[in-house]
Amino acid sequence: MNDTLKSIFGRRSVRKFTEQKVDDENLNIIVEAGLYAPNAGNRQTTAVLISRNGEINDKLGKINKKAFKGRISTTDSFISKDNPSIADDTTIESGFYGAPVVITLFGPKDFLYSVPDCWVMAENMALAAYSVGIGSCLIARAEDTFDTDIGQKIQNEAGVPPDFVARVHIALGYPKDGFKEAKERKRKDERILIVD
Ligand SMILES: Cc1cc2nc3c(=O)[nH]c(=O)nc-3n(C[C@H](O)[C@H](O)[C@H](O)COP(=O)(O)O)c2cc1C
């Protein structure tokens, strides 16, 4: 298997991080990998906000968790047993899982493709992170998280244009218990349909 495929098949969402900082060299390459993602019309509109500020990440992470209105896991239905999410373990206080770096991607409010642009970029970042030994988790509810007084203040102070909307967070850090095995996927014949 080549290195690209190894990253695609090996990546897992990581939700337990060590306190080790993500060094600039690796962070830069992860962000750069995001900038090279496909993007609609080659407009390259997505704005990347990198937060290494523990206090900010903690505050926004708690807001992000509060915004979660999804289903709480049961023993029969869970997201991850080895890397529990906020749906699996309600005692987790932050939707950002204490990650030392949280990147938020923003797109222009009135641009039809700002959501896919941001998420495609996020996946590039997750794969790049894995390839250099850094764990990641893509996190939703960025819109709710930044549509708050503190979110707007941070957006404004960081210089993200006011007509940009937060679309996705990427939590980054070194995995506390290493990388777990990739999750089993559903049977291919349930999901792949072919017309020849
Ligand atoms: C659109 C989308 C939204 C997601 N939102 C969250 C989230 O809010 N919190 C979280 O912990 N994981 C989130 N995830 C990660 C998924 O839970 C994870 O990718 C899925 O369980 C498969 O596990 P794996 O990434 O380890 O293969 C999200 C992933 C996607 C693609």
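A disulfide is a covalent bond between the sulfur atoms of two cysteines. The sulfur of Cys-118 has its closest cysteine sulfur in Cys-137, 17 Å away, which is too far for a bond. Cys-118 is buried, at 0% relative accessible area. Cys-137 is also buried, at 4%. Buried means under 20% relative accessible area, exposed means over 50%, and partly exposed lies in between, with a 1.4 Å probe and protein chains only.

This is a predicted model, where local features need pLDDT of at least 70, side-chain atom pairs count only at pLDDT 80 or more, and totals for chains, interfaces and linings use all residues. Residues are numbered from 1 along each chain as its sequence is written, and side-chain values use heavy atoms, leaving out hydrogens and water.

Next, a helix pair. Two packed helices are described by the angle between their axes and the distance between the axes. Helix α3 (residues 54-66) packs against helix α6 (residues 149-158) at about 135°, with the axes 10 Å apart. Helices (H or I, at least four residues) and strands (E, at least two) are DSSP runs, numbered from the N terminus. Axes are lines fitted to C-alpha atoms, for helices over the stretch in contact, and angles run from 0 to 180 degrees between N-to-C directions. α3 and α6 are therefore oblique to each other. Angles under 35 degrees count as roughly parallel, over 145 as roughly antiparallel, 65 to 115 as roughly perpendicular, and the rest as oblique.

Which residues meet? From α3 come Ile-56, Lys-59, Leu-60 and Ile-63; from α6 come Ile-150, Gly-151 and Ile-154. Contact means heavy atoms within 4.5 Å. By class, the contact of α3 with α6 has five nonpolar, one polar and one charged residues. Ala, Val, Leu, Ile, Met, Phe, Trp, Tyr, Cys and Pro count as nonpolar, Asp, Glu, Lys and Arg as charged, and the others, Gly among them, as polar.

Now to Tyr-130. Tyr-130 sits in helix α4 (residues 114-131). Tyr-130 is partly exposed, at 23% relative accessibility. Leaving aside neighbours within four places in sequence, Tyr-130 is in contact with Lys-6, Ser-7, Gly-10, Arg-11 and Phe-179.

Last, two backbone angles. Asn-42 is not a glycine, yet has a positive phi of about 50°. Asn-42 lies in the loop between α2 (24-35) and β1 (47-51) and is exposed, at 52%. Tyr-97 has a positive phi near 55°. Tyr-97 is in the loop between α3 and β2 (101-108) and is buried, at 13%.

Notes:
Disulfide = S-S within 2.5 Å.
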